Amino acid sequence: MTIALPSGETIPALGMGTWMMAEDLAHRAGEIAALRAGLDLGLTLIDTAEMYAGGAAEALVGEAIAGRRDEVFLVSKVLPGNASATGTVRACESSLRRLGTDRIDLYLLHWRGRFPLAQTLDGFAALAEAGKIRHWGVSNLELADMQELTALPGFCQTDQILYNLSRRGPEHDLMPWLASQGIPIMAYSPVEQGRLLDDPLLAEIGRRHDATAAQVALAWVLRLPYVNAIPKAGSVEHVRENAAALSLRLSEQDLADLDRAYPPPAGPEPLAML
Ligand code: NAP
């Protein structure tokens with residue numbers, strides 16, 4: 001399963017997140033093994049950020065993808081406090097050093113901060129010109145921010161937002177608008193950081209398909225053609241389980257049961273963030 005970016009390039013519908021990785025040395029080998037297992041299974045989009053573990057998550061990703069860089073669609077993010085025109089370039093160059101690569105495939109503004117969007121876009125343009133990033137996008141931007149952004153020169157490739165069964169607010173206006181513009185979303189925390197996995201309804205629906213609650217939560221996010229999901233899994237076992245969600249198709253009955261438990265938004269809601 002793939003998702004088309006506005007650039008015309010396709011990316012895997014299911015990728016891997018890295019927030020909370022590289023926080024504990026005892027887990028390092030397992031986390032690297034998990035990311036490598038994901039690459040073997042075709043989860044070749046890896047999402048990271050200069051913020052995660054103060055840069056150590058990028059270094060861990062660099063180690064995991066060493067020798068396999070060309071297989072990977074690498075996503076990283078600049079912190080809003082660094083997102084001036086020159087600060088964005090400096091932040092990206094530091095990320096590239098930690099990642100041990102010469103380019104980031106998709107570089108995102110992590111959330112909107114004090115710098116005008118136009119300044120950040122100037123930084124992205126300079127980075128693209130130098131071949132240090134291939135594409136750029138944003139994260140945690142509301143509809144009004146996206147409308148402002150897309151009126152500026154350049155092509156935003158995604159808005160990475162919090163989206164899962166228990167966070168359906170963006171379905172009201174942000175997601176339809178992005179779809180109308182051909183801009184896919186990248187759904188972060190697709191299993192609500194594990195909190196969705198204790199819901200007996202997800203387990204019950206899983207039993208109908210010989211699947212797990214995590215697979216049901218991911219298949220639900222992936223039911224839409226313009227949504228990519230980036231679950232974080234710290235073990236090979238969880239990565240394998242998540243990859244198998246790609247072959248799970250939820251039935252109309254499953255979707256109706258999930259809609260009753262997790263109703264779509266009745267009106268506009270502020271975009272939630274984790
Ligand atoms: P998540 O992916 O919804 O949940 C991660 C948690 O779920 C971990 O505790 C993980 O445990 C567990 N898990 C994953 N697969 C599982 C499975 N098959 N069975 C049981 N447990 C499972 O939450 P997230 O890490 O917040 O979000 C995903 C990624 O999105 C992040 O890592 C990050 O890259 C990105 N993100 C971006 C933003 C932003 O502002 N742009 C914000 C949040 C997250 P184990 O580690 O033990 O496998």
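Here are some notes on the helices and the nonpolar core of this predicted model.

1. Start with the core. The largest nonpolar core has 86 residues, and the ones touching the most other members are I46, Y107, M146, L149, Y163, L202 and L258. Helix α8 (residues 213-221) supplies the largest share of this core, with seven residues.

2. Now look at how α8 sits against its partner. A pair of packed helices is described by the angle between the axes and the distance between them. For helix α7 (residues 200-209) and α8, the angle is about 90 degrees and the axes are 8 Å apart. Angles from 65 to 115 degrees count as roughly perpendicular, so that is the label for α7 relative to α8. On the α7 side the contact uses L202, A203, I205 and G206, while α8 brings A213, V216 and A217. Sorted by type, the contact residues are six nonpolar, one polar and no charged.

3. Helix α7 also packs against helix α10 (residues 252-261): here the axes come within 11 Å and cross at roughly 180 degrees. Anything over 145 degrees counts as roughly antiparallel, so α7 is roughly antiparallel to α10. From α7, the residues involved are L201, L202, I205, R208 and H209, and they meet Q253, D254, D257, L258 and A261 of α10. This contact splits into five nonpolar, two polar and three charged residues.

4. With 13 residues at 1.5 Å a residue, α1 should span 18 Å, and its end C-alpha atoms are 19 Å apart, so the two agree. The expected span uses one less than the number of residues. Buried residues in α1 are E31, I32, A34, L35, A37, G38 and L39. Their cover includes β3 (45-47), α2 (56-65) and α9 (236-244). Just past the end of α1, G42 has a positive phi of about 95 degrees.

5. Is helix α2 largely enclosed or largely open? Seven of its ten residues are buried, so α2 is largely enclosed by the rest of the structure. The buried ones are A57, E58, L60, V61, G62, A64 and I65. Among the elements covering them are α1, β3, β4 (73-78) and α3 (85-99). Just after α2 comes G67, with a positive phi of about 80 degrees.

Technical notes
Residues are numbered from 1 along each chain as its sequence is written. This is a predicted model: local features need pLDDT of at least 70, side-chain atom pairs count only at pLDDT 80 or more; totals for chains, interfaces and linings use all residues. Side-chain values use heavy atoms; hydrogens and water are left out. A nonpolar core is a set of buried Ala, Val, Leu, Ile, Met, Phe, Trp, Tyr and Cys residues joined through side-chain atoms within 4.5 Å. Buried means under 20% relative accessible area, exposed over 50%, partly exposed in between (1.4 Å probe, protein chains only). Helices (H or I, at least four residues) and strands (E, at least two) are DSSP runs, numbered from the N terminus. Axes are lines fitted to C-alpha atoms, for helices over the stretch in contact, and angles run from 0 to 180 degrees between N-to-C directions. Angles under 35 degrees count as roughly parallel, over 145 as roughly antiparallel, 65 to 115 as roughly perpendicular and the rest as oblique. Contact means heavy atoms within 4.5 Å. Ala, Val, Leu, Ile, Met, Phe, Trp, Tyr, Cys and Pro count as nonpolar, Asp, Glu, Lys and Arg as charged, and the others, Gly among them, as polar.
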